[in-house]
Amino acid sequence: MTFNTLKRHFRESFKNLGRNGWMTFASISAVTVTLLLVGVFLVVMLNIQHFTKQVEKDVEIRVHIDLTATDADKEALRKQIEAIPEVGSVTYSSKDEELQKLIKSFGEEGSSFKLFEQDNPLSDVFIVKTKEPTDTVKVAKKIEKFKFADKVKYGQGQIEKLFATTKVIRNIGLGLIIGLLFTAMFLISNTIKITIFARRREIEIMRLVGATNGFIRWPFFLEGLWLGVLGALLPITVVLSAYSYVFDLLHPKLENTFVQLLPFYPFAWQIGGVLLLLGACIGIWGSMMSVHRFLKV
Amino acid sequence: MIEMQDVYKTYPNGVVALNGISVRIKQGEFVYVVGPSGAGKSTFVKMMYREEKPTSGSIMINGVNLAKLKESKVPLLRRNIGVVFQDFKLLPKLTVYENVAFALEVIEESPKNIKKRVMEVLDLVRLKHKARFYPDELSGGEQQRVSIARSIVNSPAIVIADEPTGNLDPDTSWEIMDIFERINERGTTIVMATHNREIVNTIRKRVIAIERGKIVRDEVRGEYGYDV
């Protein structure tokens, strides 16, 4: 393809947007509305995802070491735990350290525990973190069987519930986004089909005077691209300014809780990029699907 | 040179349009294709620019068998064949100049050559002064001249016309025929399907008559021969 031809395709694609003014508007609106919905969902979903990741990360297994274990026994137990493939890290915490933590966590009233400093009833523990939080239960069950592992605690019961809930939320969100995208594609391909139907004569004449299918497709390809990109601009602006507003509003209030929002950067770039790419893809796809009907291939 | 050998065409709905056609048209000939409506004239000419494929038989145009031509090679064939229709098939949103230039743009001709060639053919059809007009600002005859200009702008060896005077009044039809004759004089083959008895009987050329999908008559300086 020569440079002149490429120039022609660009010129044609822009001219056609202008010539089919109302249809251009309709197509862009279809992209805008759907991407707006997808954008909002995406932001909410990614934040939930972020939040559940945070919660899951806090999950740990506390292995209470049997009081009769010698240093060598402890070392053997650590080796055994580390040998489990799903285990990420093993940290040792002596019973004195555990007591200090306990006293600290109770603040003012913690001082009453100081009595136990002389005769500490706690046991030494290994704090185990798995590589994947969802493996926690499996790993805990394995550790329970080891010698000198007195008690294994990981928030039995609650953890299974947490993982089940986050999994459901993730799947619902994914399903909704995929559903929305399909609706968008359908809407856009229909709108573009109408504009192309109005131009079937043009395609017919192009075929008649010896234009190749590739040549005929180019301006339509570009047109779809512009429609998608133009349609994505408004949703990107709206979603990002809304997120920035919500973030500024909620972030200070959430500072001391375990719920954290995704920081604005680089999240803004990611969302903007994803929406732009989605817009371009559905625009091109819709346009190509519609022009296909008029080309004998 | 166009050569058809035992061409049959049955449409998917069962209609038999061509029922064994063999014909040879030499380069530079002027041929009328006549016959009653529905006899297969249109299918016959459509075969030549590969709008339809034969069910069986072969169609050779300058050594290429259209029956076996790949879909991707059809554009290249079309660049060597001009086609003119009864309803002109002009693009209403393009000017006369742009409509003609369109045929060169899509085959990626350089802009310099496009300008030169378009002005040449507009001169040939005597429409140079209306280059900036839009189709709906022209008479039917003028529109047809634009479509003829478009069909010959890339200097094809063959021009196929499917009832080019079908929508025009008698005076205008003669103008159109004058242009076709001049194109033919320059060595271009013309194949014209027509219902215009006066033209066929006055400007005497080879006449191929088709009835029920068969060639029933082929005369060097023939007559229209139907009393319709």
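Which residue does A:His64 stand opposite in β4(A)? In this predicted model, the residue opposite A:His64 in β4(A) is A:Lys151. A:His64 belongs to strand β1 of chain A, which spans residues 61–65.

Strand β1(A) is joined to two partners. One is strand β4 of chain A, residues 149–153. β1(A) and β4(A) pair in the antiparallel sense, over 4 bridges. The other is strand β3 of chain A, residues 125–130. β1(A) and β3(A) also run antiparallel, and 4 bridges join them. Here the bridge partner of A:His64 is A:Val125.

A:Ile61, A:Val63 and A:Ile65 make up the covered face. A:Arg62 and A:His64 make up the uncovered face. In a regular strand, side chains alternate between the two faces of the sheet.

At the level of the whole chain, chain A is divided into two domains. Domain 1 takes in residues 3–55 and 161–292. Domain 2 covers residues 60–153. The centres of domain 1 and domain 2 of chain A, taken over C-alpha atoms, are separated by 50 Å.

Chain A also touches chain B. The contact takes 17 residues from chain A and 18 residues from chain B. On the side of chain B that touches chain A, helices α2 (74–78) and α3 (96–105) each supply at least two residues. That side of chain B divides into 9 nonpolar, 8 charged and 1 polar residues.

Definitions and conventions: Residues numbered from 1 in each chain as written. Chains lettered and ligands numbered in written order. Predicted model: local features only at pLDDT ≥ 70, side-chain atom pairs only at ≥ 80, totals over all residues. Buried ≥ 20, exposed ≤ 12 C-beta atoms within 10 Å, placed from the backbone. Pairing = 2+ DSSP bridges. Contact = placed C-beta atoms within 7 Å. Nonpolar A, V, L, I, M, F, W, Y, C, P; charged D, E, K, R; others polar. Domains from an automatic or database assignment.
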